[in-house]
Number of protein chains: 4
Amino acid sequence: MARKKLNIGLIGYGFMGRAHSNAYAQVNKFFDLGYEPVLKAACARKEDKLKPFAENWGWESMESDWRKLIARDDIDVVDISVPNNLHRDIAVAAAQAGKMILCEKPLAMNAAEGLEMTEAVEKAGVANMVWFNYRRVPAISLAKQLIDEGRLGRIFHYRAKYLQDWTINENVPLGGQTLWRLDIDAAGSGVTGDLLAHSIDTAIWLIGGVDKVCGMTETFVKERELQDQPGVRMPVGIDDACAFLAKFKNGALSTFESTRYARGRKNQNTFEVNGEHGSLYFDLEDAHQLQYYDNRLDSHVHGWQTILVTDFEHPYMNKYWVPGCTIGYEHTFINALADFIKGLDTGVPVRPNFRDALETQRVCDAALKSAKTEKWEKVQG
Amino acid sequence: MARKKLNIGLIGYGFMGRAHSNAYAQVNKFFDLGYEPVLKAACARKEDKLKPFAENWGWESMESDWRKLIARDDIDVVDISVPNNLHRDIAVAAAQAGKMILCEKPLAMNAAEGLEMTEAVEKAGVANMVWFNYRRVPAISLAKQLIDEGRLGRIFHYRAKYLQDWTINENVPLGGQTLWRLDIDAAGSGVTGDLLAHSIDTAIWLIGGVDKVCGMTETFVKERELQDQPGVRMPVGIDDACAFLAKFKNGALSTFESTRYARGRKNQNTFEVNGEHGSLYFDLEDAHQLQYYDNRLDSHVHGWQTILVTDFEHPYMNKYWVPGCTIGYEHTFINALADFIKGLDTGVPVRPNFRDALETQRVCDAALKSAKTEKWEKVQG
Amino acid sequence: MARKKLNIGLIGYGFMGRAHSNAYAQVNKFFDLGYEPVLKAACARKEDKLKPFAENWGWESMESDWRKLIARDDIDVVDISVPNNLHRDIAVAAAQAGKMILCEKPLAMNAAEGLEMTEAVEKAGVANMVWFNYRRVPAISLAKQLIDEGRLGRIFHYRAKYLQDWTINENVPLGGQTLWRLDIDAAGSGVTGDLLAHSIDTAIWLIGGVDKVCGMTETFVKERELQDQPGVRMPVGIDDACAFLAKFKNGALSTFESTRYARGRKNQNTFEVNGEHGSLYFDLEDAHQLQYYDNRLDSHVHGWQTILVTDFEHPYMNKYWVPGCTIGYEHTFINALADFIKGLDTGVPVRPNFRDALETQRVCDAALKSAKTEKWEKVQG
Amino acid sequence: MARKKLNIGLIGYGFMGRAHSNAYAQVNKFFDLGYEPVLKAACARKEDKLKPFAENWGWESMESDWRKLIARDDIDVVDISVPNNLHRDIAVAAAQAGKMILCEKPLAMNAAEGLEMTEAVEKAGVANMVWFNYRRVPAISLAKQLIDEGRLGRIFHYRAKYLQDWTINENVPLGGQTLWRLDIDAAGSGVTGDLLAHSIDTAIWLIGGVDKVCGMTETFVKERELQDQPGVRMPVGIDDACAFLAKFKNGALSTFESTRYARGRKNQNTFEVNGEHGSLYFDLEDAHQLQYYDNRLDSHVHGWQTILVTDFEHPYMNKYWVPGCTIGYEHTFINALADFIKGLDTGVPVRPNFRDALETQRVCDAALKSAKTEKWEKVQG
């Protein structure tokens, strides 16, 4: 098949820059698509850091100013993989320049910024996606499919956790290239934007919108050294942990919790949905499994089925290897990219787009506000 | 060893009446104690129901009025195994009569009643215990031991769930002998008193007192038929589900959730504690296991250890069979009773006593109040 | 209900003596039966050991010579709970005296003895059962039920393990009251008779008879101190480990393995059956669960279902507590006893009887013989 | 870093051809190595099938005759990814031509062929590796590390299974491009060479050589249609299932079993090692986990630790993403290739080489022979 070229301009060379670069290089190996991403240009201020990155992943050129990248005619898609405090300006400018945009999550520092961005892409009419990659974990996509098949019936409960433990040590510094997620000015929030945004995106996708929330946050380590300035200590402004109660528009009761202080939990992103006819459970630490309880089976064989999501019948899996063979973290980005391109192929835009991510941002904002007001807060929008 | 007799008067012949009767019959088979419970008298209003129960379990006599039971000189201990709305009157009267009291949980309809009861037993100076039997699941006792050994360090998080699914069917009736737990007048509350009380008791025992809470409740099925009056329907007054956020006095953040609408969860009473040096996880559906994460092991072998709590080194287990052999639900009552008697033997009273249970009741009350006020509520006392 | 008395004479006061005594005391509390066991007499040579045992469990009288016990008119049932080397003589004598017999497993020292015993009870026409208690684990009974319902179809594979680790320490002594299982003269074999006999009994019950086997054994610790004669060491004659391949009469291929040198496995008695339409998996260390794979479900939701075998629909469970509440090791004996009595009530004798146990014994013998001949051995009979 | 080019010539375009192609394309993205594989030429007889494959994966040129490929001066490495019956001729010719060789497993149709191949590469002095990719599952590499650290002590037992279920349906045809593994002439054996070879390679790597074996095999479906000739049926010559007992040179007892008739097991490659001080358990269906039991921990916290093998401390994982993020099936090939290149960089040749694979082949041969002779067979060599 003759594929059209899709020229990518990537801003950022960190962890997400790597994951996205890999996706661009790999997507056509596994998916049959109308477009072929070209790793056209990588952009970052620090050229010495950018260069080995660009060489390693095969980026054809480099830019040190994102405005120049956006100005280039040979760029079709701008990929925003920088800290959250830069998302808004880049996205708005890229939209105005008519570029398609792939933006890392969370969409923005807050919903106000997110709204600006959303209006910008919608006004410009450019294709846009937010990298909530976990929707494309095959097991989570399968959960969506089972719900859409009507297997759960009325939903009573949803509970989500996203637990990690890597900041318990108070000697972990803050800021800089790799630890900007601990810097309130760069990240906008702590676990809420970083982790709960994933949980919320998944929840809304699976069972619909959130009506109101009531939350609490905590910062366990109050002060940390700056990564880039050894010896200089700074107050920690982010939420180390956040938990909130939620009522969904469909009447479901829900709890959400995230922390980086859950000793022994490395990347435990879980959800459970309880419906009238069945339930689902997922844990990212066992990403290739989906647990399903089907109450309509004979009553003496009821049980939680551990579906090994590696069969050809399962979402995405027929693109890769054979039943029983797992894919890994990086493939969620490949899958997301494939879906983005499929959206271009078919004219049915991919989700989650900026507007979807704005909805998630609004839940984050409401949770954080609620933690301050100590009251329930309605989700805006 | 010459054991002293401990004459028991049991009020109630339901599910708990069975569990307690079994404990009285079995405790001396497994534990070496200074007292031997004697199944002296069983008491209930409906003689036709009481009789087969009493015969089956070997109760020596019957009473139809609890006041008469309390008045009997040959009764040392009054066991309150009736619906919650009767706890207060019986307990106060029994205390005034100088009887020891074993009371089913929750202590009372609310904290006000609970306080009356607590003051009554304390004034009378009678031995008292509340049957929070799950403290005596060996794995939960082991959790307590590991925390007391200092294995977790500073506690950051506690999360508890108690999920069941038996009331989803709206044809389940309400009230009567077996379904009084769905009747607000008999039970005082729904899952909060029935299930969360267990979770709260365990939490306080393990990591200390709760400062404040913020909760929500829901009643999914609004009306049910009366068990005793087929065709007559009544509004459901209890909480079908309750979830709350909590801040502990030690600074730990916590979530609690309970429901009878979690399809596929039969008796899933879980907790997880996350501390600086380690974490613990327990699930009553795998009651013989405790999961422990020890961060002080070599970093490349870190992992959640599934401790099979059946060894002689484990709490209570050297009283029963051999390593690898489990005990069941009923043994938690035997263990609790053994501890009560040991308290008599040693003069160090068993816990949880009425005052402990009052503290739990106050957390329940605060959660329910908070669900109404839609605000955080301080735990009283 | 007016129950008839069933006078029990128990020979032996060890671990099994305790488990059986408990069953006699408890069975009528939970099961509605036509007979009520009476703990009539306990028998053992060492009176000083027997006395506290008899008192603790409520045995009405004591005997020091099993022949006298058998001679008593007031004994209906003889329960053989002594080391294996005594089974044959007692059983034959008891049968000749017209007593019903409940015999601990394995049936005998070897199949020759087992045949004598079987012919004796059949000739005498007395009720007989062998205490293969694990058949009465509710999850194993459920496995039987699912197979009988035709849910697996043609059976391809059966694999069984029974792993423990308590004899790795070479300082564990041998012989005496509690360690006779390590003494070849008392036990007849090591893990083969003690553990694999359970596995074989379950296998035959579930999928039918064994045609031929090929095995190997090992004795890892060659010499141990005598428990009763500190300082005296003796060669170890038993098999510490035994594994064998088996072909079943129905064409299924099978592996069996047992050892007391599997570090970390306390009582891991497992089996897996693979059939055309489905599979089953069980592990005694999670005794309340049965795993079931049903290939006839929709192909995208296939998965191993973990059936929590605590519902009223499950074997035996409606006799005890409520869904979600487990029973323990001791209840397998109560269940077996209830089934024995039900056999008396209904006239349909309980299984496994002596003849069933003889079949298991023959598989054990063939496996042990094969380990010596280093060839496949046909199962006799 | 200036990397040297390593020109690859790949023979075969099937499932393994894809997995290897991916490894060549990806290895330098993640590993810092002295060589860079160049996808120089892909070779297969059917040009129409080869072309899209070569284009998709970026092979620079194509060959239809493997002898021509070997004759090319611009090929450094010959990768043998064709059915087993072609391994020997290609490998011997490639060795004689002085090419490095990467050969898919099993090494050969039988040990005789394997010996020829091994002698050829050793005589030629060319670098050689067999793609036993599962050694490079991080959790299996970690198992090796823990054993090498002395954590298990004396080894008593090893048990391995490799279970699948994809040939139960008797309508699955045989032969042709994708089903040659069911054709005895192309594959040499069934599950023994395909699956047990993996299990044996892992076992030998972890605990050392096998002394003797005793096995059985079965072919459940006796006849299948030819994939390439619909309507034509042929007797099935392969072993559908194979199980064998083994005694290792170090005295350990072992069982091995493999089948494609274990309903519900998709790729369940498991092993358990029981040692004096600890045990290990692995299941490829949960490839990111290693279970470890450490008997030297305090006795009341003993338990099977589930090590989530995704930390920077774990083998290979610091090359990829961050803790908690898994890699998939394909990465085992990337890891293996990286180790091969590292062998070139350092001069310490990678393992398993042809001689290692020959040892595995000899165990396979002994097991198959034993199934025919119905006796124990010594492993040759």
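Analyst: Two strands are said to pair if DSSP finds at least two bridges between them. Strands (E, at least two residues) and helices (H or I, at least four residues) are themselves DSSP runs, numbered from the N terminus. The model is predicted, so local features are given only at pLDDT of at least 70 and side-chain atom pairs only at pLDDT 80 or more, while totals for chains, interfaces and linings use all residues. Residues are numbered from 1 along each chain as its sequence is written, and chains are lettered from A and ligands numbered from 1 in the order in which they are written.

In β15(A) both faces are covered. A:Gln289, A:Gln291 and A:Tyr293 are buried on one side, and A:Leu290, A:Tyr292 and A:Asp294 are buried on the other.

One pairing partner of β15(A) is strand β14 (residues 278-283) of chain A, which runs antiparallel to β15(A) and is joined to it by four bridges. Within this pairing, A:Gly278 has A:Asp294 as its bridge partner in β15(A). β14(A) and β15(A) make up a hairpin, and five residues lie between the two strands.

β15(A) also pairs with β16(A), again in the antiparallel sense, over five bridges.

From β16(A) the account passes to another chain. Strand β16 of chain A, residues 304-308, pairs with β16(C) in the antiparallel sense over three bridges. A:Gln305 faces C:Gln305 of β16(C) in this arrangement.

The contact between these two chains involves 14 residues from chain C and 14 residues from chain A, where two residues are in contact if their C-beta atoms, placed from the backbone, lie within 7 Å. Strand β16 (residues 304-308) of chain C gives five residues to the side of chain C that touches chain A, and this is the largest share. Sorted by class, that side of chain C holds six nonpolar, seven polar and one charged residues.

Chain A contains 10 helices and 17 strands. The radius of gyration of chain A, taken over C-alpha atoms, is 21 Å, close to the 21 Å that the globule rule gives for 381 residues, so chain A is as compact as a globular protein of that length; the rule is 2.2 Å times the number of residues to the power 0.38. Along the principal axes, the C-alpha atoms of chain A fill a box of roughly 65 × 55 × 40 Å. Of the 381 residues in chain A, 63% are buried. Among contacts in chain A between residues at least 6 apart in sequence, 70% connect residues at least 24 apart.

A helix of chain A, α8 (residues 191-207), is also covered: 16 of its 17 residues are buried, so α8(A) is largely enclosed by the rest of the structure. This helix has a kink of about 40°, centred on A:Ala197, where the bend is the angle between axes fitted to the seven residues ending at a residue and the seven starting there. After α8(A) comes A:Gly208, with a positive phi near 105°.

A residue in another helix of chain A is A:Ala367, located in α10 (residues 354-373). A:Ala367 is buried, with 29 other C-beta atoms within 10 Å. Leaving aside residues up to four places away in sequence, A:Ala367 touches A:Thr192, A:Val213, A:Gly215, A:Cys242 and A:Phe244.

Conventions:
A residue is buried if 20 or more other C-beta atoms lie within 10 Å of its own, exposed if 12 or fewer, and partly exposed in between; C-beta atoms are placed from the backbone. Ala, Val, Leu, Ile, Met, Phe, Trp, Tyr, Cys and Pro count as nonpolar, Asp, Glu, Lys and Arg as charged, and the others, Gly among them, as polar.
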